[in-house]
Every structure is written in C-alpha cells, then in structure tokens.
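Please have the sequence and the 3D view open while reading.

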Amino acid sequence: MMSHRNFQAAAERAALFLMVFIGIIFTTQTHAAIRNFKKQPDGVLFNLDKGRLKIKICSADIIEVKYTIFDSFSDQASLVVSNKWKQATAFKVTDAVSSIIVATTRLKIVVNKATNAISYFTTDGKLITSESKTGGKTMQAATIAGIDTYNCSTAFNSPGNEGLFGLGCHPLDSLSINNKGRNQDMAIKYLTGAIPVMLSTRGYGLMWDNYSASNFYGGENGNTKFRYVSESGRQVDYFFFYGPDFDRIINLYRTATGKAPMYGKWAYGLFQSQDRYLSEAEILTVKDNYRNNHIPVDVIVQDWYYWDPLPIGSHIMKPERYPHPKKMVDELHKSNIHAMISIWPVFGKGTPNYTALEKMGGLTSITWDNVVTHTFDTYYDAHNPAARELYWQQARDSLVKRYDWDAWWIDQCEPDNGLLLDERRKANFSIGKGIDYFNTYSLEHTKGVYQGWRMDIPGKRAFFLVRQSFAGEQRNASTLWSGDIECTFWNFKNQVPQGINACASGIPYWTSDIGGYHYKWGAPDWSKPENRELFTRWFQFGAFSPIFRIHGKGERAMFSNNWDDKTKAILLKYDQLRYRLLPYIYSLAGRVTQENYTIMRALTFDFRNDANVYNIPDQYMFGPAFMANPVTEQLYTGSNASAGKTTRQVYFPKGAQWYDFWTGKIYKGGETIAAAAPIETMPLYVKAGSIIPMGPVMQYATEKPDDTIELRIYPGANGDFTYYSDENENYDYENGKFATFKLSYDDARHQLTISNTKGSYVGMLKTRKFNIVLVNGAHGSNPTEVLKADKKITYTGKMLVVKL
C-alpha cells in the first residue's frame with residue numbers, strides 16, 4: 001500500500017528516459033505503401049509492400065484500425081473490447097487516384113496509397129483528424145528487459161487549438177487538465193494510472209487497444225502532432241469514435257467495451273473509512289456514533305490487516321480482535337449500514353490459499369515488498385481464468401459470502417512491485433509475457449471477482465473499489481480511487497482534474513480519499529486549524545464526486561472530537577445536501593447504465609465550442625445542472641491567512657445563464673468572477689433551464705421513499721430531466737424492471753410537463769407529490785427545504801401539464 005518517495009522519483013526518471021529513447025527511435029521510421037486491397041464483410045484489408053492494414057467498420061461511427069509489419073494479425077482476442085459486432089454495417093469503398101475511400105453513413109475515411117496514412121472526414125467533407133504522413137503507424141524492433149519485441153506507435157496531426165482530455169487518473173499530475181502540448185506516462189504503477197482513452201474537442205475519441213507500458217506525447221513537431229507509443233506488440237491497434245459531442249463518444253466507447261452496471265442506491269451515500277479499524281468493537285462504535293449523532297452514512301469500511309499477525313492472503317479476521325465477524329456485519333445491517341472489506345490479490349507463503357494457487361499454477365513471479373512484515377509476498381495470476389475462479393472461491397468462502405459483506409475494496413492491484421518493473425515485464429502470465437499485459441492486471445482481476453459475485457451472490461449488486469482501472473473496467477462494477485495521496489492542499493488540488501479526466505476516459509465512477517491518505521506516512525493532527533480547513537474543502541469536493549468517501553490515516557469521522565463545532569456544522573451541511581440530492585444522483589446513475597452517461601463531466605462535455613474551458617482544471621459539471629468549483633487553495637489558515645484572500649476565480653461557460661446555488665444571483669455566460677469562498681461555501685452554480693429533484697434529509701439512502709420531491713426549476717432556458725427509479729439493490733433492472741418519467745420545462749410558457757411513467761417494478765410508488773419551486777433570488781436557493789412551494793401537485797404516473 002506504500003512505497004518510498006525516492007523509489008517513486010527514480011521510477012519517474014526511468015520513465016522519462018524511456019520516453020526520450022522511444023522518441024528518438026521513431027524519427028527514423030519509414031512507411032508502407034498500399035499494393036492492393038480487398039473489401040471484406042466487416043471492412044477493408046490492405047496488403048502493403050511490407051505488412052498489412054485492416055480498417056474494420058464496427059459501426060457507422062466506430063472504426064478499428066490494425067496495422068502490422070507481419071503477414072498476419074494477432075489472433076489474440078481483445079481483453080478490452082467485449083462487443084463482437086455480429087451485425088454487419090453497410091459501407092462503400094472507392095478506389096481513387098491517390099487514395100482508397102471508405103464511406104459509412106457518418107464518416108468518410110481516406111487512406112493514402114503511398115503512405116497508408118488515414119484521414120477521417122465527416123460525410124460533408126469536413127476534416128475531423130488525420131494520421132501523420134510521417135510516422136502515422138509504425139513498428140520498430142526493440143529489446144526491453146532482455147525481451148525481443150516491437151515498439152508500436154500512432155501519430156496524429158493536431159492543430160494548436162485542439163483540446164485533448166482523458167488518458168486516465170494520474171494522481172500526482174500537477175499540470176493542466178488538457179493533455180495538449182504535454183506528455184503522460186501510460187504505464188500503470190504505484191501512483192501512476194493509465195486508461196488509453198482520449199477525447200478531442202474536434203469531436204472524436206481514440207482508444208489504443210494495447211496493454212504494454214506506453215507513453216503519450218502531446219506536443220510533437222512544434223505542438224502540431226501527438227503520438228501514442230506502446231513498448232511492446234505485434235501490431236498497432238486503435239479504435240476511432242466519432243461523436244462529435246463527448247457524450248456520444250463515451251457512449252460509443254462503452255458500446256465497444258461494456259456498460260457500467262448499477263450500484264445499490266446505498267453506494268451513492270457516504271462511505272466512512274479509516275486506515276485502519278483494528279477491531280470489531282471499534283467498527284461498532286463508529287456505527288453507533290454516526291447513528292446516535294444523526295449523521296447520514298451508508299457504508300463503514302474494514303481496511304487492511306484485519307488478519308494481522310497472520311500472513312496476507314489468509315482471509316481470516318483475527319479472532320482475538322474480531323470474535324464475531326458475521327454478528328458484526330449483521331449489527332451494521334440492523335442499523336441500515338452496508339459493510340465493505342479490503343481483500344488483496346497478494347499471498348504470503350505458508351497460507352493454505354497460497355499453497356492451493358501454487359499447486360494449480362496460479363501464482364506469478366511478481367512479489368510485493370510487504371511494508372508491514374518485510375516479506376516478499378506473491379501476486380496470483382489474474383490473467384488465468386482458473387486462478388481467477390479459485391481466488392474468488394477462496395475469498396467467497398472465507399469472507400465475502402460467509403459473513404455477508406456488501407462490497408469489496410480491491411487494493412494493490414497494479415500490481416505494485418516497486419521499482420522492479422522489469423520483473424513485471426519478464427513475468428509469465430497464462431495468457432503471455434508480462435511485457436504485453438503490463439497494464440491489464442486490474443481489468444482481469446475485477447473481471448474474476450465480478451463474474452464470481454454475479455454467479456454466487458445474485459440478489460446483491462456488486463461494488464468494487466479499485467486502486468487502478470483500465471479501459472473496459474467499468475463493466476466490472478469498479479470504482480476507481482486515486483490512491484495513496486498525501487494530506488496536503490497540493491495533492492488535493494491535483495485530484496480535481498484527475499477525477500475529471502478519469503471520467504472523461506469512460507470510467508464513470510471515481511473517488512479520492514477525502515482529506516488524503518497520509519502525511520509523511522503518518523497521520524496528520526486533524527485538530528489543527530490548517531488540517532480542518534483542508535478536510536472541509538476536500539469534503540465539499542467529495543460531496544460532488546461520483547462516490548462520496550472518507551478515508552485515510554487518523555481519526556476523521558464526522559463525529560470526531562478533532563473537529564470543532566463550526567467544522568462539524570459545515571460537514572453536516574454538505575453530507576445532508578448529498579442525501580437531499582439522491583433523487584438527482586440516482587437518476588443520473590440510471591443514465592450511466594441505460595445511456596452510458598457521465599456524471600462528473602469536464603466542461604468540454606457540455607461546452608466543447610467554448611475554447612475558454614479547455615484549460616480550466618478545477619471546474620466541472622456534476623450532471624446536467626450543477627457546476628462545481630472546489631476551493632483547492634488554503635485561504636484561512638497557515639501562512640496564507642494574512643493575505644486576506646476570500647475568493648476563487650470562476651468562469652461561466654458561454655451559451656447559458658448561471659444561478660448561484662446559495663444565493664440565487666444570476667450570471668451571464670462568458671464572464672469571470674471572483675466568487676466568494678468563505679470556509680462554509682464551495683462556489684456552486686446551476687445552469688438555467690435545470691430541473692433538480694430533491695428529497696428529504698435522510699440517515700441512509702433508502703430510509704424514506706421518494707414519494708415527496710421538492711422539484712427546483714431554474715428559469716431562463718428550456719430544460720428537461722429524466723427521473724429514474726428501481727428496486728435499489730438487485731439486478732431486476734437488467735430485465736426491464738425499472739421506471740422513468742421525463743420532466744420538461746418550457747421557459748417561454750412557464751410550463752412544466754411530466755410524461756407518462758414508462759416501465760414498472762415490484763414496490764413501485766403509485767403516486768408522488770411534487771413541491772414545485774421556481775427559483776427566484778433567495779426563493780429556492782440554499783440546501784434547506786423550501787417551506788412555501790410555488791405549486792404542489794400529485795402525480796399518478798399519467799402525463800401532467802403544470803402552468804407555473
């Protein structure tokens with residue numbers, strides 16, 4: 001779970017050397033001309049004077065490109081792409097003088113005969129993007145860690161005003177949210193993430209289907225090109241998605257790689273976690289303190305080393321400290337609190353689980369230098385289907401199903417072996433050499449536990465918290481968290497753009513340790529004013545993150561005596577606001593699963609044509625209504641306290657009017673203000689035309705039925721919102737057992753239309769009461785319930801038109 005800082009610095013220097021080395025190699029590449037081509041049912045195969053090129057038409061706006069210098073492509077099935085594309089898509093091929101043109105109903109793809117460089121156009125001839133004619137697709141022989149292989153690269157032309165988003169979560173990245181003009185290390189390791197999915201403001205997306213350690217270069221040739229380089233492969237393989245809006249690109253990406261399943265409604269409430277609870281008695285005390293103090297919470301987490309002093313992988317809760325694990329979990333359930341436990345993919349020698357995996361050939365040569373016991377403990381082979389199945393069975397029978405845990409924290413899944421990255425490259429997985437599967441351990445590990453959960457725990461939705469994600473991992477019910485970050489404002493500031501870019505990479509659920517994980521590997525003194533300010537600001541951000549979660553070293557629960565009364569009041573305000581917004585948030589979760597939606601949204605999702613938003617790293621949309629603006633600067637404590645600054649800069653994207661959520665004041669799009677940021681306030685704005693359903697304050701997510709909803713409408717534009725509901729916990733929604741209705745506001749007519757309800761499920765409400773609030777200044781502003789609604793109506797599932 002921890003690595004030394006000097007190890008990290010050395011790893012970064014090694015990565016930089018690799019980036020420079022590969023960059024030199026690719027300046028010498030030549031290109032293969034097209035000799036002939038053949039139209040196939042799913043695309044076009046090109047024979048080159050050296051190698052082959054295949055353009056596969058997956059759909060009218062999803063294109064796969066494969067290039068190799070060999071006579072045939074790899075027959076290894078993709079680990080990322082789950083769609084089999086069984087239905088052919090119509091396309092035409094034209095042999096022009098200097099190019100081959102492949103046309104679908106949405107794209108015109110032009111392949112240069114002399115260089116095989118590909119250009120992508122709209123059907124009316126507008127250039128979307130193009131491969132570089134010098135180095136567009138290349139392969140180069142290389143020897144890495146003593147392994148003979150081939151570097152694979154793609155390069156694209158990129159105008160200076162293009163914005164490039166995504167590429168995963170890089171927790172220590174202190175640069176811009178926009179990857180244009182800068183580089184990213186795309187080799188998954190401790191505190192370095194990589195999701196090879198990128199969105200361009202020119203309206204397209206790319207996904208590189210290569211699993212080796214890679215690098216992205218965002219400012220090649222005077223910032224006119226970008227390049228993606230993978231250190232190992234038998235072919236170049238990438239997917240092109242045409243939106244042009246970001247929501248459509250993400251929809252196409254998940255069409256290719258799999259939908260994100262629904263979590264239980266509880267997962268959108270507050271998680272209380274600490275490094276680490278040491279006993280059953282401590283966990284139950286935390287439960288009592290939350291419930292007795294009427295503080296909303298839904299999950300309590302048992303972090304690592306509950307097995308101490310037994311070896312890791314024992315899957316035993318030490319009886320002296322946890323005498324009644326099932327009874328403990330039952331007690332949490334009686335208090336309507338869900339229970340999550342940390343289970344690692346690492347095994348100490350001498351445990352029965354280690355021996356069983358070793359006997360069936362299910363262990364790797366990759367080891368973790370255990371920071372607690374100083375032993376070298378072994379990773380199992382998550383790429384081996386039989387090992388995945390045995391791993392699941394061991395955890396199921398020892399912990400998960402035996403004690404009725406509700407969620408699984410998957411830590412340490414890079415896999416983390418410190419600086420010994422060449423040992424990961426040289427490792428033998430059942431599927432192949434580690435160098436070729438450097439980045440997919442977490443993808444395959446979550447695949448195994450998700451499949452096992454779905455088979456053996458059918459009535460309970462899976463939830464996995466993971467330290468690393470890769471493309472496609474959203475289909476495995478995985479939430480990415482940003483890792484072991486420090487308890488500093490600098491680290492906090494970095495988390496905001498990383499959360500935004502993780503979600504722009506197609507992974508819809510992301511979270512960070514509220515407050516940070518550690519301070520110089522110890523616990524900070526949370527009673528100090530500067531640490532209270534840090535935690536308060538991070539908590540405000542957490543309330544507007546997809547998953548809302550406290551974790552780290554030192555007592556930081558909301559009831560803690562480390563917090564003074566003012567801090568407790570601020571924390572409670574945001575916690576209660578999160579719970580009031582659950583009808584809004586859960587409806588958005590429904591859209592994530594049903595429509596491949598993104599909740600935490602880079603401003604480019606909704607304002608792609610406003611270039612002013614491309615380089616704003618700390619503002620984002622939370623669903624269609626809210627623009628969140630976390631305060632990541634220390635204003636009121638420490639050396640900054642005397643500066644007198646009490647604001648943060650906020651830019652309002654063009655094309656909309658914006659309401660201050662706290663005051664109701666309206667701002668025009670295109671302007672920048674110094675927004676007031678007292679310690680109790682995270683600047684929060686709502687786009688005109690928004691419809692926000694709000695419920696009552698609750699102690700847990702399903703405490704009260706959503707039969708009475710405060711419906712806030714923000715005039716100034718037309719708007720709509722789709723309300724989603726289901727049975728909250730099981731998978732019946734996959735069989736159509738869920739319900740939606742659409743709320744539409746006509747601004748000119750001051751009229752709200754509620755559609756007929758579509759769908760049904762067991763226990764569905766027959767009627768709902770809506771307290772409609774037309775926001776106007778202080779009326780309808782701030783988190784508390786509006787005492788006097790503008791109109792009260794009863795909705796029975798039949799269409800209603802309400803004049804306001």
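Which helices and strands each supply at least two residues of the lining of the largest pocket? They are β4 (62–68), β11 (147–157), β18 (236–242), β27 (432–433) and α9 (441–456). Helices (H or I, at least four residues) and strands (E, at least two) are DSSP runs, numbered from the N terminus.

The model is predicted, so local features need pLDDT of at least 70 and side-chain atom pairs count only at pLDDT 80 or more, while totals for chains, interfaces and linings use all residues. Residues are numbered from 1 along each chain as its sequence is written, and side-chain values use heavy atoms, with hydrogens and water left out.

**The pocket**

The largest pocket has a volume of about 850 Å³. A pocket is an open set of points on a 1 Å grid over the protein atoms alone, where a 1.4 Å probe fits, with protein on both sides within 12 Å along at least five of seven lines; lining residues have an atom within 4 Å of a point. The volume is the space filled by probe spheres set on the points.

The lining has 36 residues, and Ser74, Gln76, Ala77, Ser78 and Tyr211 lie nearest the centre of the pocket. β11 gives the most, with four residues. By class, the lining has 10 nonpolar, 12 polar and 14 charged residues. Ala, Val, Leu, Ile, Met, Phe, Trp, Tyr, Cys and Pro count as nonpolar, Asp, Glu, Lys and Arg as charged, and the others, Gly among them, as polar.

**The sheet**

β11 is also part of an open sheet of five strands, in the order β10-β11-β17-β16-β13, with antiparallel pairing. β10 (137–144) and β13 (183–186) are at the edges with a single partner strand each, so one side of each has no neighbour in the sheet. Eight bridges join β10 to β11; two strands pair if DSSP finds at least two bridges between them. Isoleucine 144 stands opposite isoleucine 147 in β11.

| Helices | Angle | Axes apart |
|---|---|---|
| α4 (280–292) and α5 (325–334) | about 5 degrees | 10 Å |
| α10 (489–504) and α11 (529–543) | about 5 degrees | 11 Å |

Axes are lines fitted to C-alpha atoms over the stretch in contact, and angles run from 0 to 180 degrees between N-to-C directions. α4 and α5 are therefore roughly parallel (under 35 degrees). α10 and α11 are therefore also roughly parallel to each other. Phe489 and Phe492 of α10 are among the residues that make the contact (heavy atoms within 4.5 Å) with α11.

Conventions. Angles under 35 degrees count as roughly parallel, over 145 as roughly antiparallel, 65 to 115 as roughly perpendicular and the rest as oblique.
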